[in-house]
Amino acid sequence: MNHQLSSGSGGNIEAVPATEDQNQPLEEEEEEETESKEDPVLVEEKSLEKEEDDDQMEVDPVTPANVFCVKLKQPNSNLLHKMSVPELCRNFSAVAWCGKLNAIACASETCARIPSSKAIPPFWIPIHILIPERPTECAVFNVVADSPRDSVQFIEWSPTSCPRALLIANFHGRITIWTQPTQGMANLVHDATSWLSEHEWRQDIAVVTKWLTGASPYRWLSSKPSSGSDSKSTFEEKFLSQSSESSARWPNFLCVCSVFSSGSVQLHWSQWPSNQGGTAPKWFSTKKGLLGAGPSGIMAADAIITDSGAMHVAGVPIVNPSTIVVWEVTPGPGNGLQATPKISTGNRVPPSLSSSSWTGFAPLAAYLFNWQEYLISEIKQGKKPTDQECSDAISLSCSPVSNFSAYVSPEAAAQSAATTTWGSGVTAVAFDPTRGGSVIAVVIVEGQYMSPYDPDEGPSITGWRVQRWESSVQPVVLHHIFGNPTSNFGGQVPTQTVWISRVDMSIPPTKDFKNHQAAAAGPSTDAQKEPDSGDDKANKVVFDPFDLPSDIRTLARIVYSAHGGEIAVAFLRGGVHIFSGPTFSPVENYQINVGSAIAAPAFSPTSCCSASVWHDAAKDCAMLKIIRVLPPALPRNQSKVDQSTWERAIAERFWWSLLVGVDWWDAVGCTQSAAEDGIVSLNSVIAVMDADFHSLPSTQHRQQYGPNLDRIKCRLLEGTNAQEVRAMVLDMQARLLLDMLGKGIESALVNPSALVFEPWRTDGETIAGINPETMAVDPALVSSIQAYVDAVLDLASHFITRLRRYASFCRTLATHAASAGTGSNRNIVTSPTQNAPSPATTQGLPDKSLNHAAGQPANTTTTTTNSSGSTQMQAWMQGAIAKISNSNDGVSNSTASPISGSTTFMPISINTGTFPGTPAVRLIGDCHFLHRLCQLLLFCFVQRSQASRIPQRYADASSQKLQTGATSKVEEVNSAKPTPALNRIDAQLGAGVKGIDEISARTTKMGSGNAGQGYTFEEVRVLFDILMDLCKRTAALAHPLPGSQVGSGNIQVRLHYIDGNYTVLPEVVEAALGPHMQNMPRPRGADAAGLLLRELELHPPSEEWHRRNLFGGPGSEPEDVVSSDDTFFKQGHSLDLPDVYDRVQSLWPRKRRMSERDAAFGSNTSVGLGAYLGIMGSRRDVVTATWKTGLEGVWYKCIRCLRQTSAFASPGASKQPNPNEREAWWTSRWVYCCPMCGGTWVRVV
């Protein structure tokens, strides 16, 4: 049964329950509601196995693991004008996956316009831009086609080192370059669904059109000859290239290379460096350079920039289709056969090849840039040469540098010799992009390639052959009759490039060829010349005359992943084989139903997944399927055999993405999919990454990668309901928020180094004597930084509020345990012994891990049989006491004086593992978090003290809500008195505000923190004092890096630590909070911690806010909801329907949600929020950290965490009359991605 949900904008989501053929359920990303999009995206989970039964590979017992499959439809604006002529319009398969944006561009059909319409071109090809993390975020634009038989021949995203651009090359020669809008202010947003055509040109039919990029400094593990799997090796040993830096480099500019079937090569490039004046960059092109492959041209080709900066082209001449020739493309006219350029040079001489203005660049790149400078100068002088005149002047020359003959089996040659002179031949060739031109992959088609008697008769294929060739430079061996070779070559031994075949494997043709022959031969018998031999007929490929391939010479395509670790070979009629490593180990093979076309897949950024697209004629829509490559689908009896190997491989992909700077969502998707199939464990993958992180060589490495690992773990754990995991996600998001706020404050300071490095080591006199001017903020950013100060104070208030509850509960629990007689001989441990690598057992009791699962108390031998009313309370308390006694945190433990033979001894040190579901408790042990928070609180204190001196500077009521704080409720606690040192600091801190009204300065609330209430000077000082005291009390503790959990039996999800972690006892927390308990700021509202979490927008996994935005939406009407027993739907809809969806897991209980709503409206509570709209009716801008009504500006949302912002300039928007350029620069730091989770932006419609 299909369940459909219709949104108000006309988009709908179709979800099909899982079948037995589909192992993995639909991911959470696919449940998102389509927001005001014209093009509905239908998401389906049903496997397409039944539709493709006849087209399956012969040797494929395991169905490929599908991450998901989506249906992509055109917008209604296209469908209104589309004419249905399926027998006339071509269907094909073109897909590309962007590593930076995690966006998939795909196309599968050519459309024809109805004759009565004039709105759109007669023929067009819809290009879908899809964000696989949120499949409902899809944009569509049209590329003009020249005929209904036109198709997208090549589609490719620009290299990751270059600006984002999409190359689309039609078969008939129309080339378009699509880019994101770049003209505007510095903070112009980069919307992942907004694309414009920047440049277009026409060219001849090409065998390859691709981007050129220089050699990458990174190498994948499998592509290095002596790579080991040692997990302790550093990043440099694992991923960085071992080759020395070349002097001639290829710059990161947009350059397109086209190799034409006629045997020539041409370059198009964009102006570099890009024009800063806001105008569109100009494009230039060269003249065609003749390769010299013979009069018939070439069949297949590829191009690459070598490690030395030279450009090499590998091609297959038609006159000798089993030979691969490698040419080097050099600047200049070469042998002088080219015609004289028509461009009028006037009195100036065109640039020479040895110009010094581009020293350090590769000669070919310097040649292009010299011509670029010359042509731009000509235009500035008023001369406007045509594009043809410019390109005719920039000539290229090509010279062969090496060649080799691909092996053809004698059997195939003998069979084909009887009927044709063509024989077998190379049909695809590709350079390994990571080996700089020294490795070439080749696909050979074996059999009768083309009949000399009837050119319309298709090829008969007896098999495919896939090869991998490596080149090396070897000395030339000459006979001594030629004398001493070194004397003729300047004293050097002559060398030559030698190609050696490293891989040579045969692949039988798929069943599809034979099946299609039987189906197509019937209606077209008299159109085909059938041979007499029955064997020949069985292997003949008979094409439907209405479905002929675009180019009969191209029968296969080779696709390398970005790092060269995986390679896909796609054959005619949709067969796809995926191999791994330099030995081409088979990974996966499957069939895509694309007819007489090649379904070349696209690898994801880390090549964990591959994407394939085809056109479904029955549904008249494009189908996009993402298939898991790592780990591939495995039989059930083998899924657990190599679990640790797969977990290590997935972790390596995550680290690769962080090092290279590409998106890592595909690794998340494959991990979650493989975990659902039982191949890997989510906790184990995280444990491997934690172990790698803690083994990084330096603190600088951990500071660089720590926040990114937080983001990855938060995304991996999305959807988890375990209480301790939810609390840990909150902790990681608190660290991410602090990292973002710290970077924003540092970038806004006039002198970023003015932040005190370790303020807790500084005495009170020094802190009191800090001149606020040394921490001055850029005047243009003062208002922006105030919101960041509020956010830092809110974060500190949330953190300390959680600690206060933790300390209070520990005191209550310890008191109860003492009264019960189990802790009469308490031993206060103040400096616990650290034993990170191998945790010892405490008091001889079983070792327990830090994170007990919710609802799983530690083992206890006590059974409560009381029948009194307090039986449950006593049982819970005894279980908690047992957990206190039995647990250590798995990282460090408290070792007290040993007592032998007695298990009733209970140390006072209550372990943080006792409170797995309490946020902020683990952060006490994160010294990096404590120290950074203390550092930023000092900045906030200095800012607040300056505001107290000059209150009129902050009197703008529109941005700051000045209120008089009511007297806080005095909380009775059993706390120690402040130490003299703290009293001295307090007195000195207070001395800075002499000369003004003490009472008004200390009681005036400033800022919009704490639910719009603001903080007084005293509250800011108290927050800073508490953090100072915590840092001082913990500074002497050892903080080793946690030990690895890899290989242990019970792996739990844990935090990772940049500077290590220490055990902070409840006594220390209580002692730090005690002196300030009466003056601590009280979070406003009915639920203090809950409201602060909402205001900071820290979302645990599966939190109701997230679920509501994923599917159904807050505006879902009850009649739109289909009641179902399926848990998948029950957990996907809004919580506003508790009667229908009674099993939705939520962080916030109904009572808490209702109390927050009452507090927001000022009812049923003593403290109302009044007019504050932070929670009710407003949106928090994640970039500026302020709450806005949502009416001003254009809002964009992050596709990963759905946080929103309106701080950016929109494409096409009119410029502000007086723009704050400094503020625009400050917000422009996040125009590419969300500061919290790193997701890309899409516009909120």
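Strand S4, spanning residues 66-72, is mostly covered, with 7 of its 7 residues buried; buried here means under 20% relative accessible area, with exposed over 50% and partly exposed in between, using a 1.4 Å probe and protein chains only. Strands are DSSP runs of E with at least two residues, helices are runs of H or I with at least four, and both are numbered from the N terminus. S4 runs antiparallel to S34, and 6 bridges join them; two strands count as paired if DSSP finds at least two bridges between them. Within this pair, Phe 68 stands opposite Ile 626 in S34.

Before going further, a word on what you are looking at. This is a predicted model, in which local features need pLDDT of at least 70 and side-chain atom pairs count only at pLDDT 80 or more, while totals for chains, interfaces and linings use all residues. Residues are numbered from 1 along each chain as its sequence is written, and side-chain values use heavy atoms, with hydrogens and water left out.

Now for the whole protein. It contains 27 helices and 41 strands, and 58% of its 1245 residues count as buried. Contact means heavy atoms within 4.5 Å. Of the contacts in the protein with a separation of 6 or more, 71% are between residues 24 or more positions apart.

Pro 631 is found in the loop between strand S34 (621-628) and helix H9 (643-660), and the peptide bond from Leu 630 to Pro 631 is cis, with omega near -15°. Another cis bond joins Trp 272 to Pro 273, this time with omega near -5°. Pro 273 sits in the loop between strand S17 (264-270) and strand S18 (283-285).

Next, have a look at an open sheet. Its 4 strands come in the order S20-S21-S22-S23, with antiparallel pairing. Strand S20 (298-305) and strand S23 (396-405) stand at the edges with a single partner strand each, so one side of each has no neighbour in the sheet. From one strand to the next, the twist averages 25°. S20 is joined by 6 bridges to strand S21, residues 311-317, and in this pair Ile 304 stands opposite His 312 in S21. Helix H3 (residues 363-380) packs on the sheet, where it touches S21, strand S22 (323-331) and S23, and its direction makes about 45° with that of S22. For such angles, axes are lines fitted to C-alpha atoms, for helices over the stretch in contact, and the angles run from 0 to 180 degrees between N-to-C directions.

Arg 573 has a positive phi of about 75° although it is not a glycine, and it is found in the loop between strand S29 (566-571) and strand S30 (575-580). Arg 573 is buried, with a relative accessible area of 3%. Ser 607, also not a glycine, has a positive phi near 60°. Ser 607 lies in the loop between strand S32 (602-603) and strand S33 (609-616), and its relative accessible area is 0%, so it counts as buried.

Of the 18 residues of H12, 13 are buried.

Finally, the cysteines. The structure holds 0 disulfides, a disulfide being a pair of cysteine sulfur atoms within 2.5 Å. The sulfur of Cys 609 is 5.4 Å from the closest cysteine sulfur, in Cys 670, which is too far for a bond. Cys 1234 is in no disulfide either, and the nearest cysteine sulfur, that of Cys 1201, is 3.8 Å away. Cys 609 is buried at 1% relative accessibility, and Cys 1234 is buried with a relative accessible area of 1%. Cys 934, in helix H17 (residues 927-949), is buried at 0% relative accessibility. Leaving aside neighbours within four places in sequence, Cys 934 is in contact with residues including Pro 759, Trp 760 and Phe 1024. The C-alpha atoms of Cys 934 and Asp 1025 are 8.9 Å apart, although 91 residues separate the two along the chain.
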